[in-house]
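I am opening a notebook page on one structure, to record what I looked up about helix packing, a loop residue and charged pairs.

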Amino acid sequence: MANPDYKGVCHVALAQEGHCRPGEVLLGTDSHTCTAGAFGQFATGIGNTDAGFVLGTGKVLLKNLSPTPLSDTYPNMSMGIWPSRIHIENLVPSTLRFVMDGEMPHYLLAKDLILQIIGEISVSGATYKSMEFVGTTVESLNMEERMTLCNMVVEAGGKNGVVPADSTTFKYLEDKTTVPYEPVYSDAQASFLSEYRFDISKLEPLVAKPHSPDNRALARECKDVKIDRVYIGSCTGGKTEDFLAAAKVFLASGKKVKVPTFLVPATQKVWMDIYTLSVPGSGGKTCSQIFEEAGCDTPASPSCGACLGGPKDTYARMNEPKVCVSTTNRNFPGRMGHKEGQIYLASPYTAAASALTGYVTDPREFLC
């Protein structure tokens, strides 16, 4: 295993280590810093030059594209409400509000929700805008699923994503931080650039076909697409809950995978969870045992892995023009290696189901 001081992919490790707190500002030199918005935190990616400026001055400049002045949108918000030492100039971007209601079907995950949204508004539909997620469906999600939602706002061009902090947030943080924090919420009279509503109870499992995250399709519509491999990992789909979801499908099927299936946990803690946590309904089996019985590759050391391609010797990189179902976040040409490779973005449920058949597969085939 890796150095025990190594935590793993920052977007997941920061949450696990208690650095994602409601009402604070988090800036990082990676576009998926927006993941932390799941905690009711303003989190966004910045460039290295901006990061140097922040470290040197404690300030960052953001464009204000809001249709109304900041004081009108958040009349009770002063800069002093943010415990962060970073002073924000000209916050905030204009906001798109996504209201998701209805009982979450047992065959759906947050990845399906965000693919639905991106397919609805396109990869440029939220450019430099804030995306706020509310509604009974969102309230029912655990923290890692909320992280999946916020993680991919940048794939819609979003500046940041946010889920209002609630009891689920506070409970998650109980044993992770002693730093005091003060949640910030949209005011009752806040204005939104647009509002979108979804009845999630009617949603079906989705994929994003090559070569764009907004190339949305029903998984069942792609059942004739033969695949060469499956990749479960990344800051989007390499969290503990993601591997538990994949294990659930493998357990339900009792079958072996028909294509190479790569497992890349996001952090050291996730790696440990794979080997120690029992999968519900398994009679005490861990994810690692279920993965081994299904014929998957041994879980790799924590990393971003092949999500961003990398050098040719990167674990699970596509060095040939193969077809892959992946729980990652981007499927542009060359994203996972070979520029002619085809990537179907999907939830861990859909990825696991596809591994079992060798074709893009609706997980309902195994999740009764």
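**Helix pair.** I began with helix α4 (residues 110-121) and helix α6 (residues 143-151), which pack at an angle of about 20° with their axes 8 Å apart. The axes are lines fitted to C-alpha atoms, for helices over the stretch in contact, and angles run from 0 to 180 degrees between N-to-C directions. I therefore noted α4 and α6 as roughly parallel to each other (angles under 35 degrees count as roughly parallel, over 145 as roughly antiparallel, 65 to 115 as roughly perpendicular and the rest as oblique). The crossing of α4 past α6 is right-handed, meaning that the near helix is turned clockwise from the far one by less than a right angle. On the α4 side I listed Ala110, Lys111, Leu113 and Ile114 as making the contact, and on the α6 side Glu145, Thr148 and Leu149, with contact taken as heavy atoms within 4.5 Å.

**Provenance.** I am working from a predicted model, in which local features need pLDDT of at least 70 and side-chain atom pairs count only at pLDDT 80 or more, while totals for chains, interfaces and linings use all residues. Residues are numbered from 1 along each chain as its sequence is written, and side-chain values use heavy atoms, with hydrogens and water left out. Helices (H or I, at least four residues) and strands (E, at least two) are DSSP runs, numbered from the N terminus.

**Loop residue.** I next looked up Ser347, which is found in the loop between β14 (342-346) and α12 (348-357). Ser347 counts as buried at 0% relative accessibility (buried means under 20% relative accessible area, exposed over 50%, partly exposed in between, with a 1.4 Å probe and protein chains only). Leaving aside neighbours within four places in sequence, I found Ser347 in contact with Leu109, Lys111, Asp112 and Thr327.

**Charged pairs.** How many salt bridges does a search of the whole structure find? I recorded 18, a salt bridge being a side-chain nitrogen of Lys or Arg within 4 Å of a carboxyl oxygen of Asp or Glu. In one of them the side chains of Glu132 and Arg97 meet at 3.5 Å, N to O, and the pair links distant parts of the chain, with Glu132 in strand β6 (residues 130-134) and Arg97 in strand β5 (residues 95-101), 35 residues apart. Glu132 is buried at 6%, whereas Arg97 is partly exposed at 23%. I also noted the salt bridge between Arg197 and Glu195 (3.2 Å, N to O), where Arg197 counts as exposed at 57% relative accessibility and Glu195 as partly exposed at 40%.
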